[in-house]
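My plan is to go from the whole chain down to single residues.

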Amino acid sequence: MIQLKNEPSSSPYLMLAIETSCDETSVAVVRNGREVLSNIVSSQIETHRKFGGVVPEIASRKHVESITVIIEEAIAEAAISLEEIDVIAVTQGPGLVGALLVGVVAAKSLALALDIPLIGTHHIAGHIYANHLVGDIEYPSLALVVSGGHTEIVLLESEGNFRIIGRTRDDAVGEAYDKVARALQFPYPGGPYVDRLAQSAEDEVVLPRAWLEPDSFDFSFSGLKSAVLSEINRSRMKGESPDFSALARGFQQSVIDVVTSKTMRAAKELGAKQVLLCGGVAANQGLRERLTTMCTEAGLPLLIPPHSLCTDNAAMIAAAADLKWRHKQFSSLDFKAEPVFSLEEWSVGK
Ligand code: KG4
Ligand code: ZN
């Protein structure tokens, strides 16, 4: 049993959070769940780029190499001492198991050595609650989660209670962006390149929209990705060079039409008071603009984190772990990293 250093309540507290679920080693120090004192992110992108995607074994080794240094940096930048930390949070899942393990072992060691509580945290709850670092969340709230590994519409009926009402049936949006980017000869991860090319395009190759069943909030992006690839092949067979910018625009328009329409329909049908956008693809300029316009027209407040809080970072993990801290829900020292991890089960009401 872990002895609590001070009772979790509304009294001030300092949390150190660790995120190592994929290819970013990140450590943050956050006061009272919302005030970010430091948020150090060390990206491994340059290492993985030459392989065209994240290599799990390499990701784990890189996390091992950098975790201690990043913890020290986060503490130094926050201008505190390790002994002042009240609680440790860490991404428990979902993610790459070897990568998650590095963060989990570091977090457990710190919690044990400092004799403070530990909170195993859901990565997607982190993406959603990144919004709590930029504004107040009103419930019921509807979150559109768009990242490299996940595409979900999540209803938050109350604080910390998650209900997934739609999800991708194949590729995640970010994954589709990265595959299309590769076909357009951009380096990994190609989402931002496709975004920029789409924004500057003068023409558009109109591509299909995967609406699925009329009442469904689910998504499918693999057909759209294949449509881009076959357009490229068709042009080459005719001896023409494919119009990459018109294709990028067509792809982006199709993605944005579908994800924003479904989100707005869900918000209306489920009586949401607010919309939250999050995940790495929330950095997409076209998506941010369209959702902003649609929410303004519908009179719905919208929160979108700044770019640095959209992609993987540890401050968002602290923002989600704050829910558990306030409900006094801690993890035992023998909890396991969970590569597949249910968001709904992680709800504070469970
Ligand atoms: O959330 P994240 O950092 O990692 C996961 O948890 O997956 O998301 C990374 C994904 C990558 O697929 C990347 O290409 C995509 O987010 N991304 C973008 C943009 N910026 C990052 N996709 C489209 N447009 C962007 N501007
Ligand atoms: Zn993520």
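Predicted model: local features only at pLDDT ≥ 70, side-chain atom pairs only at ≥ 80, totals over all residues.

Below are my entries, in the order I made them.

**Entry 1: the whole chain**

I looked up the secondary structure and got eleven helices and ten strands for the protein chain. Next I checked the radius of gyration, which is 21 Å, close to the 20 Å from the globule rule for 350 residues, so the chain is as compact as a globular protein of that length. The C-alpha atoms fill a box of roughly 70 × 45 × 30 Å along the principal axes. Buried residues make up 55% of the 350 residues. I also looked at contacts with a separation of 6 or more, and 73% of them are between residues 24 or more positions apart.

**Entry 2: strand β5**

I picked strand β5, residues 118-122, and asked myself: are its residues buried or exposed? Five of the five are buried, so the strand is largely enclosed by the rest of the structure. Leu118, Gly120 and His122 point one way, while Ile119 and Thr121 point the other way.

Then I looked for the partner of β5. Strand β4 (residues 87-93) runs parallel to β5, and five bridges join the two. Gly93 stands opposite His122. To get from β4 to β5 the chain goes through helix α3 (residues 97-114), and this β-α-β crossover is right-handed.

In the loop between α3 and β5 I stopped at Asp115. Its phi is near 60°, which is positive even though Asp115 is not a glycine. Asp115 has a relative accessible area of 43%, so I wrote it down as partly exposed.

**Entry 3: the zinc ion**

Which residues coordinate the zinc ion (ligand 2)? I found His123 and His127, each through NE2, and Asp312 through OD, at 2.0 to 2.1 Å. The four donor atoms subtend angles of 94 to 141°, and this makes the arrangement irregular. That took me a moment, but four donors count as tetrahedral only if all angles lie between 85 and 135 degrees.

Along the chain the donors follow the spacing H-x3-H-x184-D. His127 is in helix α4 (residues 123-129) and Asp312 is in the loop between α10 (307-310) and α11 (314-326), so I noted that this pair, 185 residues apart, links distant parts of the chain. His127 is buried, at 2% relative accessibility. Asp312 is buried too, at 14%.

**Entry 4: the open sheet**

What is the strand order in the open sheet of five strands? I wrote it down as β8-β7-β6-β9-β10, with mixed pairing. The edge strands are β8 (162-167) and β10 (302-303), and each pairs on one side only.

Strands β6 (residues 141-146) and β7 (residues 151-156) are antiparallel over six bridges. Within that pairing, Val146 has Thr151 in β7 as its bridge partner. β7 and β8 make a hairpin with five residues between them, and Gly160 in the turn has a positive phi of about 75°.

**Entry 5: Val281**

I found Val281 in the loop between β9 (274-278) and α9. Val281 has 12% relative accessibility, so it counts as buried. Leaving aside neighbours within four places in sequence, I listed its contacts as Val146, Ser147, Val173, Gly174, Tyr177 and Leu287.

Where are the cis peptide bonds I noted? One joins Tyr139 and Pro140, with omega about -5°, and Pro140 is in the loop between α4 and β6. Another runs from Tyr188 to Pro189, with omega near -10°, and Pro189 is in the loop between α5 and α6.

My last stop was Leu212, in the loop between α6 and α7 (222-237). Leu212 is not a glycine, yet its phi is positive, about 60°. At 31% relative accessibility, Leu212 counts as partly exposed.

Definitions and conventions. Residues numbered from 1 in each chain as written. Chains lettered and ligands numbered in written order. Heavy atoms only, no water. Buried < 20%, exposed > 50% of the residue type's maximum accessible area, 1.4 Å probe, protein only. Helix = DSSP H or I, 4+ residues; strand = E, 2+ residues; numbered from the N terminus. Pairing = 2+ DSSP bridges. Right-handed = clockwise from strand over helix to strand, strands pointing away. Donors = N, O, S within 2.8 Å, 3.2 Å for Na, K, Ca; no water. Tetrahedral: all angles 85-135°; square planar, octahedral: opposite > 155°, others 65-115°. Rg over C-alpha atoms; globule rule 2.2 N^0.38 Å. Contact = heavy atoms within 4.5 Å.
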